[in-house]
Amino acid sequence: MITNETYQLADGAPIPKLGLGTWLIDDDKAAQAVRDAVECGYRLIDTAQAYGNEVGVGEGVRTASVPRDQLFVGSKIAAEIKDYDGAKRSIDETLSKMGLDYLDQMIIHSPEPWGHFHNGSNHYYQGNLEVWRALEEAKEVGKVREIGVSNFLEDDLENIIGNSSEAPAVNQILFHVGHTPRDLVTFCQAHNILVEAYSPVAHGALLHDSQLEAMAGRYGVSVPQLCIRYVIQCGAVALPKTANPEHMRANAQLDFVISGEDMDYLAGASEVDYGADSAFPVFSGR
Ligand SMILES: NC(=O)c1ccc[n+]([C@@H]2O[C@H](COP(=O)([O-])OP(=O)(O)OC[C@H]3O[C@@H](n4cnc5c(N)ncnc54)[C@H](OP(=O)(O)O)[C@@H]3O)[C@@H](O)[C@H]2O)c1
């Protein structure tokens, strides 16, 4: 079962290969979604300060059917916070909202505030180093076990690696069939930074793709299963989002192997149209 499988982070700690994404799950639905996911075998739960559901996710973690220490819980420092004091305060706020003593993973949500995402000459290098210092200190005192980043490109990663005592353990990035950021993944692997694939089902945009439906049919699986298996076979953590227990269960049934030829096809698949959701900076790239 994929839910029992883990990768190893740079410090040797295990991280589940499959996790539950919770973006767009309302706070009042999040606790039940987390409990359902844990029942289905999920052990990694991904939230963020920006999702507005840390209270519900924390409640779900605290009331789940397995003990806290068997779960890997992560949140993200809001993209707009680029100073040491703000970052430090926000980590404490997250712990307080979630009702938890520690987080397994805390990451910087984006190198730039969303209004400036990958857009323009200000890379917020200094601000990210300040937030990173707050994360390093939170780790030292046991509030956070692993520290990392999200949406960081090569130059953003080099800024942290070259100016801090500790490299990010993970980089959570947009990664799905139709969007395979090969160079960035290679860079992360070369620096022992584990890649976490967000939007592994392309935010739903690939669900009715006829070519993927045909390929999934040959394996006797669904398009979401094929997409999730793809990023895991690429060596990334997969973070599919759903609050639907049937989808959770299906997404954790990944006992098949995509052939080398099909992996090549999926890696080369052309860019996806996210429709109305293209307006989100993470999909428009700006
Ligand atoms: N770090 C970042 O900047 C960032 C950005 C985006 C996302 N993320 C993380 O990545 C997670 C996932 O990304 P995402 O929410 O964009 O999209 P996603 O997981 O790629 O796709 C979610 C969509 O797929 C559907 N779906 C999932 N499993 C299904 C199944 N078995 N059958 C049918 N439909 C299925 C969901 O519908 P239902 O809800 O109806 O099941 C939903 O519409 C987020 O929740 C978040 O944790 C991080």
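This note covers the ligand site and the pocket around it.

1. Basis. The model is predicted; local features need pLDDT of at least 70, side-chain atom pairs count only at pLDDT 80 or more, and totals for chains, interfaces and linings use all residues. Residues are numbered from 1 along each chain as its sequence is written, and side-chain values use heavy atoms, with hydrogens and water left out.

2. Polar contacts (N or O atom pairs within 3.5 Å). A polar side-chain atom of D46 is 2.6 Å from a ligand oxygen. K241 places a polar backbone atom 2.8 Å from an oxygen atom of the ligand. For Y51, a polar side-chain atom lies 3.5 Å from a ligand nitrogen.

3. On its own the ligand has 890 Å² of accessible area, and the protein covers 86% of that (Shrake-Rupley method, 1.4 Å probe).

4. The ligand sits in the largest pocket (more than half of its atoms within 2 Å of the grid points). A pocket is an open set of points on a 1 Å grid over the protein atoms alone, where a 1.4 Å probe fits, with protein on both sides within 12 Å along at least five of seven lines. Its volume is about 760 Å³ (space filled by probe spheres set on the points).

5. Lining. The largest pocket is lined by 35 residues (an atom within 4 Å of a point). W23, S199, H203, P240 and K241 lie nearest its centre.

Notes
Polar contact = N/O pair within 3.5 Å; in protein donor to acceptor, adjacent residues only side chain to side chain.
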